[in-house]
Amino acid sequence: MDSLKQLTARLRRFVEERDWQRHQSPKNLVMALTAEVGELVEHFQWLGEAESREIGGDTKHAVAMEMADVLIYLTRMADELGIDLVAVAHEKCDDNDRKYPRDAFRGAYRRPDQDKER
């Protein structure tokens, strides 16, 4: 069993043990996910590029905890919708490999529709 499946099972058990299933709709979960992403953003809001790469100590731990909240809600939402996040993430990576060919996009950030070579 991979670690995401273990986390999914643990979270499902947590919800079931508290009889919270009625609150775990995809709508409610995506709203909670959005709130947690906002809390994560707060830690970086006024930092410069370099500062954002150099967080440490209590701030780094707080960021890690917010990231965990995001992962938890995303994992719960995937479970409720019957989506295999790992499989779909690999599918998305494959799509991005096709959409952004390495040689055409190396060192340059632009949208595919801005790619003159295509």
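This is a predicted model: local features need pLDDT of at least 70, side-chain atom pairs count only at pLDDT 80 or more; totals for chains, interfaces and linings use all residues.
## Helix α1

Helix α1 runs over residues 3–17.

Thr8, Leu11 and Val15 are buried in α1. They lie on the same side of the helix, because they cover an arc of only 70° around the axis. Ser3, Lys5, Arg10, Glu16 and Glu17 are exposed on the other side of α1. The cover over the buried residues of α1 includes α4.

## Salt bridges

The model has six salt bridges. One of them joins Asp19 to Arg22, with the closest N and O atoms 3.7 Å apart. Asp19 follows α1 and has a positive phi, near 55°. Asp19 is exposed at 53% relative accessible area, and Arg22 is exposed at 64%.

Asp79 is buried, with 19% relative accessible area, and Arg76 is buried, with 3%. Both belong to a network of salt bridges that also links Arg12 and Glu80.

Asp95 and Arg98 lie three residues apart in helix α5. Their closest N and O atoms are 2.5 Å apart. Asp95 is partly exposed at 32%, whereas Arg98 is exposed at 55%.

## Surface patch

Leu81, Ile83 and Val88 form a nonpolar patch on the surface, and together have about 240 Å² of accessible area. Ile83 sits in the loop between α4 (57–81) and α5 (85–99). Ile83 is partly exposed, with 43% relative accessibility.

Notes: Residues are numbered from 1 along each chain as its sequence is written. Side-chain values use heavy atoms; hydrogens and water are left out. Patches are made of residues with over 30% relative accessible area and no salt bridge: like charges are joined within 9 Å, nonpolar side chains (Val, Leu, Ile, Met, Phe, Trp, Tyr) within 5 Å. Accessible areas come from the Shrake-Rupley method with a 1.4 Å probe; for residues, only the protein chains shown count as cover. A salt bridge is a side-chain nitrogen of Lys or Arg within 4 Å of a carboxyl oxygen of Asp or Glu. Helices (H or I, at least four residues) and strands (E, at least two) are DSSP runs, numbered from the N terminus. Buried means under 20% relative accessible area, exposed over 50%, partly exposed in between (1.4 Å probe, protein chains only). The expected span of a helix is 1.5 Å times one less than its number of residues. The arc is that of the directions from the helix axis to the C-beta atoms. Contact means heavy atoms within 4.5 Å.
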